[in-house]
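Q: I would like to learn to read a fold from its computed features. Can we go through one together?

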Amino acid sequence: MSNYQITIAFTDADLDDEEKNQEVQKLLSQMQKLDDVEDVSRVIDPTPPEGNKAGGGFLPGLLTAQVNPANFLKLFGFLTERLGNKPIKLNVKAPDGREINVEASSKEEFEFAWQKAQDFINNK
């Protein structure tokens, strides 16, 4: 069975790229400790700035995770707990190619996004 791919983007206009990267790093280290997540990583910039010697940097404020369908809703619950008051966008790609995009910046919006994610998973 294939995994869902979730891309998380921190969209808070009050944060600069460095602050967004700090948020990503914090979430990345928390998610790496979860048994529910198959893989989690930063998103590599496909077009790094000229003269970047690091072999390509990361896109600011972005993180991607692979999660199997059995653990998808658990992960979504974890994200709701950790990010319930931060403006973010989530893009979820199902193994069959379907996609859903949700935005949330409050607990209430996360609850709505959670419901949409459940519907998305159950309506195969």
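Q: What percentage of the 124 residues in the protein chain is buried?

A: First, the ground rules. This is a predicted model, where local features need pLDDT of at least 70, side-chain atom pairs count only at pLDDT 80 or more, and totals for chains, interfaces and linings use all residues. Residues are numbered from 1 along each chain as its sequence is written, and side-chain values use heavy atoms, without hydrogens and water. Buried means under 20% relative accessible area, exposed over 50%, partly exposed in between (1.4 Å probe, protein chains only). Here, buried residues make up 41% of the chain.

Q: In what order do the elements of the protein chain run?

A: Helices (H or I, at least four residues) and strands (E, at least two) are DSSP runs, numbered from the N terminus. The order here is β-α-β-β-α-β-β-α. That gives three helices and five strands.

Q: Which residues of helix 2 are buried?

A: An α-helix has 3.6 residues a turn, so residues three or four places apart point the same way. In helix 2, the buried residues include Phe 72, Leu 75, Phe 76 and Leu 79.

Q: What do the buried residues of helix 2 pack against?

A: Contact means heavy atoms within 4.5 Å. The partners include strand 1 (4-10), helix 1 (17-32) and helix 3 (107-122).
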